[in-house]
Amino acid sequence: MLRNPEGIDVLQPRLSWLVNTAIPGVEQTAYQILVASTKEKLNANEADLWDSGKVTGNQSINVVYKGEKMSSRKEAYWKVKIWINKGETLWSETNHWSMGILTYAEWKSTRWIGYEKLSKDDSVSQYSRLSARYLRKEIDLKKQVKSAKVYIMGMGLYELYINGNKIGDQVLAPVPTDYTKNVKYNVFDVTSQLKEGKNMLGTILGNGRFFAMRQDYKPYKIKSFGFPKMALQLYVDYTDGTSETIRTDESWKLTTDGPILANNEYDGEEYDARKEMKGWATTNFDDKNWVNARYVQEPGGFYEAQMTPNMKIMGEVKPISIKATPRGTYILDMGQNMVGWLQLKVKGKSGDQITMKFAESLQDDGSLYIANLRDAKTTDIYTLKGEGEEIWEPRFVFHGFRFVEISGFPGKPTLDNFVGKVVYDDIKTTGTFESSDATMNQIFKNAWWGISGNYKGMPIDCPQRNERQPWLGDRTTGAYGESFLFDNQTLYAKWLDDIKYSQTQDGGLPDVAPAFWRYYGDNVTWPGTYITVGDMLYQQFGDAEVIKKQYPSMKKWMTYMEENYLQNDLMDKDKYGDWCVPPESLELIRSKDPARLTDGQLLSSAFYYQLLNIMKKFAVIAKEESDIAHYDDLATRIKKAFNAKYLNTATNSYANNTVTANVLPLAFGMVPENLVDKVFQNMVHEVEVTKNGHISTGVIGTQFLMRTLTNFGRGDLAYKLASNKTYPSWGYMVENGATTIWELWNGNTADPSMNSQNHVMLLGDLMIWYFENMAGIKSNPETPGFKQIIMKPDFNAGLTYVNASYESVHGLIKSHWKKDKKGLEWSITIPANTTALVYLPTADSKKITVNKSKLEKAGIESKTEDKQQVLKLYSGEYTIKIN
Ligand code: BGC
């Protein structure tokens with residue numbers, strides 16, 4: 001959990017470690033944590049903050065700090081010693097965290113500053129233009145600096161410089177929030193940037209989500225927070241033991257007359273290099289044309305340490321082709337629908353102007369397809385200064401694009417003039433997947449690009465059109481699948497805070513959070529994501545604290561929905577239906593065909609039922625067991641009313657017999673036991689025969705489709721859906737050139753008005769199925785965070801091999817299996833301090849060898865279950881063969 005952040009504001013942070021050893025069969029038997037206020041003390045084992053003592057047990061993640069009360073800006077150095085069952089003790093390396101600013105009083109004399117006027121080329125309109133704010137402040141440090149830290153809140157987006165050097169490698173920072181509710185500060189150790197004597201602090205402020213782009217458009221719906229502004233504190237400790245704090249005030253100088261003429265997330269950035277102010281962030285600069293910054297009102301939200309990483313340039317893409325058009329422009333093809341921006345390298349005359357327009361695909365005539373961007377202009381404009389080679393990239397925008405139309409380029413551009421910069425949250429890719437099916441492999445790659453690109457300090461729906469909103473319903477189950485590919489724990493923990501902050505006084509939750517768009521419709525399926533994502537964090541990362549923290553607000557919403565909308569034991573509150581089912585005609589966005597649509601009351605009742613079951617589990621974690629009886633009672637009543645209304649016992653089907661209407665009660669355990677098989681067979685018939693082995697579900701049904709088919713015994717049908725290339729399927733997207741996942745199954749033919757080519761919601765439970773059902777990497781629900789791994793691939797679904805890996809919070813898990821005429825060979829890596837239940841597709845233990853010895857002689861616990869041998873394995877590497 002703790003990743004050495006500079007400045008955290010949790011008083012009892014959680015400490016986690018990886019047991020890293022080549023010794024096989026390792027379990028931790030005890031641990032001892034030492035925390036000290038200095039490195040020297042820790043080295044001498046002088047734990048002045050906390051000595052946990054020797055604690056028996058195998059817990060190695062999320063150990064709650066229980067030492068001295070931490071105060072503002074305190075440093076903590078820690079290490080852990082563990083005892084293992086192999087008779088050894090291991091010491092960790094030294095780790096570190098520092099506390100943030102814990103009281104508002106410590107910010108009190110720091111004032112927010114800015115400039116709340118439009119400059120001459122600015123405008124407030126549907127396409128608002130606002131120039132970036134440049135701020136600078138000279139400081140004189142009289143003594144030798146021992147250490148220094150800067151705490152910055154730069155809204156909407158900031159770049160920070162000291163003596164001309166950019167601080168940190170973050171971009172588009174900080175993460176967006178509803179600034180009236182909470183404001184994130186970032187912290188940097190800047191000791192090495194400062195020197196005795198004169199130093200210069202500089203910042204550039206961009207709009208981000210703060211100065212909202214569509215200022216005069218639906219102001220009742222779209223939130224805006226005003227002009228960019230900032231507050232900063234720099235704490236300097238001198239070697240003589242004294243210290244000093246530098247704060248934002250009216251002595252800071254400001255100009256809006258810099259090279260960034262306009263910056264707007266939807267429309268693009270305009271930069272005039274002729275207006276560059278050389279040395280503006282150094283002491284050698286004449287700022288006589290700058291004005292004094294003005295005191296401005298604070299945004300209103302709580303000040304909080306940012307516990308999730310900022311965005312960063314995470315990779316580069318080299319374009320694959322550049323073609324001249326009859327219009328005298330050029331079309332650049334990145335070869336990949338990506339999110340970020342384009343870096344430009346150019347030589348030309350002062351005043352030459354290059355325009356770059358971004359789009360996801362091309363029309364038949366080779367020109368950009370921009371109709372699906374709606375009114376987002378997605379255009380960057382660079383004006384040259386004419387001083388040799390100029391290299392430029394924007395700062396305060398991102399684009400979702402594969403193609404760029406370049407106009408005004410001096411001379412003939414080549415591929416070498418451009419590099420794509422891939423921008424998303426600075427989080428690790430944790431999962432790999434490769435199989436014998438090329439379509440599935442390409443879908444996996446597309447999913448990686450789509451998921452990463454839409455991580456923007458919050459999970460957004462799409463990166464290209466005039467929307468880019470954190471819609472809850474797009475991630476209900478998706479977040480869980482994504483957690484296999486990315487270490488998204490802190491991102492989603494932050495998002496749950498965003499959702500909590502967006503809750504109305506009476507308990508309602510919006511469909512978009514932070515509620516940059518105000519959509520409070522009291523729906524079930526979208527807001528329910530608050531609870532399902534909590535469940536994901538618990539299940540995948542073993543994070544119980546997040547549940548304890550969010551439980552009261554989750555309960556409040558559940559109660560609010562029950563009290564306002566439960567009628568005759570059914571929940572009648574649905575807004576979007578089974579969003580984006582394959583429609584009756586290829587041009588349509590939304591189906592109007594009643595046979596394809598699933599009853600809204602059925603959807604909201606089934607979802608609410610499922611959420612009640614999750615809440616029962618959460619009540620135990622949050623030590624609110626007394627709530628369980630009510631959840632139980634409600635669930636029982638809903639199930640009864642649900643079956644009474646929707647289950648047709650003559651046909652063994654639900655409602656109008658869409659796949660979604662059947663898959664939800666099957667997945668949620670709502671079907672009367674004696675009919676489960678029949679309802680399942682009916683659903684299989686719908687998928688296999690009526691729909692000819694194709695998808696017919698939308699955002700809701702697809703969340704449960706792949707796992708339900710497989711868990712009830714038809715992994716082969718799930719595999720057919722995953723490997724299909726014909727419409728509608730994920731493979732159809734691939735066949736039609738997609739390099740990400742589309743918003744619509746018919747994305748290549750549908751109306752452009754809602755048709756993004758980079759939306760992740762249609763992934764449903766596909767990524768979960770890849771890892772849990774095909775690779776066999778699943779966390780045992782009884783032991784969250786992969787403390788015990790359930791390895792139970794469906795070897796008969798149709799794949800002949802899978803090579804997958806997943807870096808869990810307990811360490812690296814690998815599953816490589818291949819099947820041929822001779823049998824099955826399966827290589828497994830199990831991390832230290834975990835166990836795995838490994839399911840082998842034979843009851844005959846004589847056919848099994850483990851690391852070349854016969855199973856009987858290998859000294860491994862095993863049992864037979866449903867004609868399978870189940871082995872209990874401890875950490876290490878195993879090669880299992882079955883003949
Ligand atoms: C968004 C979706 C969202 C939906 C809900 C769309 O415009 O892009 O992803 O969930 O609206 O209405």
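Begin with the open sheet, in which six strands are arranged in the order 14-13-17-11-20-23 with antiparallel pairing. Strands here are DSSP runs of E with at least two residues, numbered from the N terminus, and two of them pair if DSSP finds at least two bridges between them. The model is predicted: local features need pLDDT of at least 70, side-chain atom pairs count only at pLDDT 80 or more, and totals for chains, interfaces and linings use all residues. Residues are numbered from 1 along each chain as its sequence is written, and side-chain values use heavy atoms, without hydrogens and water.

Tyr 161 has Lys 166 of strand 14 as its bridge partner.

Now move to the ligand. Select the residues around it, those with a heavy atom within 4 Å: Asp 461, Arg 465, Glu 467, Trp 471, Asp 474, Trp 526, Tyr 576, Trp 579, Glu 743, His 759 and Met 761. This shell divides into five nonpolar, one polar and five charged residues.

Finally, display the polar contacts, pairs of N or O atoms within 3.5 Å. A polar side-chain atom of Asp 461 lies 2.7 Å from a ligand oxygen, and one of Arg 465 also lies 2.7 Å from a ligand oxygen. For Trp 526, the distance from a polar side-chain atom to an oxygen of the ligand is 3.1 Å. The protein covers 94% of the 310 Å² of accessible area that the ligand has on its own, by the Shrake-Rupley method with a 1.4 Å probe.

Definitions and conventions
Helices (H or I, at least four residues) and strands (E, at least two) are DSSP runs, numbered from the N terminus. A polar contact is a pair of N or O atoms within 3.5 Å; within protein, one must be able to donate a hydrogen and the other to accept it, and residues adjacent in sequence count only if both atoms are side-chain atoms. Ala, Val, Leu, Ile, Met, Phe, Trp, Tyr, Cys and Pro count as nonpolar, Asp, Glu, Lys and Arg as charged, and the others, Gly among them, as polar.
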